[in-house]
Amino acid sequence: MAVRLGELLLRENRISAPQLQEALTYQRTKGGRLGSALVSLGFVGDEDITAILARQYGVPAITLGQFELDPAVVRLIPADTATKYQVIPVARNGTTLTLAMTDPTNVFAMDDIKFLSGLHVEPVVATEAAVRDAIAKYYARPGVNGKGASDLVSKALEDLPAASAEELQVLADAEEIDAAALERESGDAPIVRLVNALMLSAIQRGASDIHVEPYEREMRIRFRIDGVLQVIMAPPLKHRDAIISRIKIMARLDIAEKRMPQDGRIKSRFNDHGQLREIDFRVSVLPTLFGEKIVLRLLDRDNLRLDMTKLGFDAPALAKFEAAIRRPWGMVLVTGPTGSGKTNTLYSSISRLNQPGVNIITAEDPVEFNLPGINQVHVREQIGLTFAAALRSFLRQDPNVILVGEIRDVETAAIAVKAALTGHLVLSTLHTNDAPTTVNRLVNMGIEPFLVANSVNLVCAQRLVRRICESCREPQPSARDAAIAAGLDPAVAVTTRFMHGRGCERCGHTGYRGRVGLFEVMEMTDAMRQLVLDNGSAMDLRRQALADGMVTLRQNGLQKVCEGMTTVDEVVRETVH
């Protein structure tokens, strides 16, 4: 190729023979392409090289220095891939990606980028210096050179034999599958490495879920990191069935069944800096209009916080909560939406109570983590093992503490209340927005007010907000007005040093890393019990709880803003005034 370029330049009298020999010597010494050597020596300009390359390769030429590229387009290709192949995305038009390349004949580069982006690649030629400068310029920008998942996934595609994708070991072998064609396709090495790389990347980035979503004209894979979904990649739609089948085989599901939802589990082991860690993935398959959507929930016991002092409780709320769970009987309810950390709080509670002299039994759907010394039951409604059925059986097992994963119906609620009134401590969850409405929910389900008043010891509502990244935290004076509007006392706001995350590689340029809990702890005082007996409304209960010293979710969030843990935006996103 170098000789051909040199011959073209000689033929058009752009350079002389001695200049070509000098450029070839320079190239051998310094490396790079002949065109870059000629430009560096000053024999020709970038425009000359671009014009010659366009004729040589038969593709359009582009002068990158004259364009301002869209960062969203640049993000379609990870920095490592762009550097490896000396390419940079220039524009996207529908399903076509215009790609500036130093060598438009590199079919390996185009195939890998087509696989990675899920788009058709249209090459244009640019000089090596122009591409190198563009890579340095655009991938240095915040939010463009995102490391972590994209890099790991891109390596799975670029360096397919790489060890990183082999480090994850599935512990349970798949059973024989009848759908032989799908199984062969899903066992294709690139697909295996891609799925393994996605799972490893999710573990390393601290994701809680992996979403694999097929649509009519594209496929999307997202990670939920710190409670927020982030797009990781868009594989070509033609690989949809192979990717989905690979995951279903790992979870020991029926790959031939595409009409019904399925649930499974993947047990995996991976090497974390020389230390073996085991992580489970809970797999949920849901048939949708354009294929099966899969969500993998990561169950990492190392990330399970069983120390209640580290969950985010302030000292008075923690003291009330611990006093309630140490009572010999009664009910403690934890409430909040899905993904608000209720399971972590309940596991922390029973771990605190777990002693050789205490019999603890749980009914969960499903059992997320195995806790030594605790008898855990996996509820299976399809065979009649419901929460209510499990609870009835528990009462004959001489329990001290009963954990019910969720109170879903009046039958479960009635048995739980009965257990709480007959000398057992019952821990459970409900889906309500705050602590006071939980009491009304039980009454509305059909539980008599006098039973609710006498059985419930405490209700804890909770949410999770993102923590400010410790690596890039900095003052944010402009947040003062927003904090006052959110309910912070102006006198407190004046003396508060508000913080936020600037965004760095460690936090993926989000400004946040990790999460902390917000808690609203409502104790059932004598005054509260009387209100319940009098059929008081949720507003009446709320006013009395505040009078008794309850700190609301919004107030607890603003306290954490003042302590520099989170931002006003996060608190406003998760709580109401």
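Over which residues does pLDDT stay under 50? The model is a predicted one, in which local features need pLDDT of at least 70 and side-chain atom pairs count only at pLDDT 80 or more, while totals for chains, interfaces and linings use all residues. Residues are numbered from 1 along each chain as its sequence is written, and side-chain values use heavy atoms, with hydrogens and water left out.

The pLDDT, the predictor's confidence in each residue on a scale from 0 to 100, stays under 50 over residues 142-152. For that stretch the model has 30 contacts beyond four places in sequence, a contact being heavy atoms within 4.5 Å. Residues 155-166 also have pLDDT below 50, and this stretch has 25 contacts beyond near neighbours in sequence. Where pLDDT is low, the predicted coordinates should not be read in detail. For the protein, the mean pLDDT is 82, and 85% of the residues reach 70 or more. Helices (H or I, at least four residues) and strands (E, at least two) are DSSP runs, numbered from the N terminus.

Strand E9 (residues 275-288) contains aspartate 280. This aspartate 280 counts as buried because its relative accessibility is 15%; buried means under 20% relative accessible area, exposed over 50%, and partly exposed in between (1.4 Å probe, protein chains only). The side chains of aspartate 280 and lysine 267 are joined by a polar contact of 3.4 Å. Such a contact is a pair of N or O atoms within 3.5 Å; within protein, one must be able to donate a hydrogen and the other to accept it, and residues adjacent in sequence count only if both atoms are side-chain atoms. Beyond four places in sequence, the contacts of aspartate 280 include Arg265, Arg297 and Leu299.

Glycine 487, with a positive phi near 120°, follows H19.
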